Amino acid sequence: MIDDVRKLGAEIKSLMDSYFLCADDFTSSVSRIKRDALERAFVELMELYSTDKNSSTLREFITLKVAGFTATGGKLGFNGYKGTLKAEVKPKNVTFEIKKDTDGKEMTYKVSGKDFKKGDSMYLHRGKLNGGGNFTDFTQDRLDKHIDTEKTVMMLISGFVEGKLAYVIEFPFEHPDFKRVIKNAVEGFYGEKGSKREPGKFKRSIEFNYTAYKSCPTLRAVWVNKKLILNSKVLFNKDFLEYLNGLKWEIIVGDV
């Protein structure tokens with residue numbers, strides 16, 4: 001049983017490249033294995049798993065691979081490494097669906113599982129890719145660990161559209177603006193450093209977006225699929241989209 005991404009074989013990793021990175025026609029790649037049953041099962045599995053809201057294992061894996069890191073496996077601790085560097089991966093996947101209401105006139109949008117009506121201001125801001133991510137169950141101890149090793153901790157931020165990779169951005173955890181966002185959230189919840197934490201008390205979620213790292217001078221614009229982004233602009237925050245378009249990308253797929 002494969003229960004760890006590190007156990008994946010070379011062939012399945014190649015198929016993952018085809019699926020997530022749009023490197024090749026996925027169905028054709030699968031069919032070359034010449035097993036009809038495998039083709040049907042695997043296509044369904046990838047389509048289901050890649051957009052699974054409850055598991056980011058494959059999205060983390062492909063993000064690490066594209067950025068040149070090796071996955072560590074497991075859900076606890078850092079997600080990957082490259083030499084002395086450690087990686088904290090924050091992937092986000094968005095989905096989009098348009099439906100007509102029962103009267104056939106009013107349009108209803110479903111963005112990342114949330115329902116909005118046409119013209120709804122909430123639709124303009126929620127559920128879209130904004131270069132963000134979140135830390136879950138964060139504690140002062142965990143923050144201290146990141147700060148103690150901050151010079152070797154890299155953040156990998158990735159965005160997926162319907163399971164397809166759109167971008168990967170890398171920057172150091174130690175970037176002052178970013179660290180301030182996380183530090184303020186932790187200390188606002190627990191109190192100043194040194195305050196005793198009650199057992200079982202966690203900061204359940206700390207969210208951030210691209211504004212927390214956009215000024216980082218050592219930021220790497222690692223990978224982008226420009227065609228995918230162009231064809232799904234409605235799923236991107238407008239300001240973040242403008243920011244993406246201004247970056248100097250190392251790898252560009254689907255140039256337009």
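**Exercise 1.** Determine whether Tyr210 is buried or exposed, then classify its ring pair with Phe240.

*Solution.* Take accessibility first. Buried means under 20% relative accessible area, exposed over 50%, partly exposed in between (1.4 Å probe, protein chains only). Tyr210 has 10% relative accessibility, so Tyr210 counts as buried. Phe240 has 0%, so Phe240 is buried.

The model is predicted: local features need pLDDT of at least 70, side-chain atom pairs count only at pLDDT 80 or more, and totals for chains, interfaces and linings use all residues. Residues are numbered from 1 along each chain as its sequence is written, and side-chain values use heavy atoms, with hydrogens and water left out.

Next, the rings. Rings of Phe, Tyr and Trp (its six-membered ring) pair if their centres lie within 6.5 Å; planes under 30 degrees apart are stacked, over 60 edge-to-face, the rest tilted. This rule gives 13 aromatic pairs. Tyr210 and Phe240 lie 5.4 Å centre to centre, with 45 degrees between the planes: tilted.

**Exercise 2.** Classify the pair Phe173 and Phe178.

*Solution.* The centres are 5.7 Å apart and the planes meet at 85 degrees, so the pair is edge-to-face. Both Phe173 and Phe178 are buried. Ring pairs also place them in a cluster with Phe135, Phe171, Phe208 and Tyr213.

**Exercise 3.** Which residue has its charged end over the ring of Phe135?

*Solution.* Apply the criterion: NZ of Lys or CZ of Arg within 6 Å of the ring centre and within 35 degrees of the ring normal. Lys90 has its charged end over Phe135, 4.2 Å from the ring centre. Lys164 sits likewise over Tyr19, at 3.6 Å.
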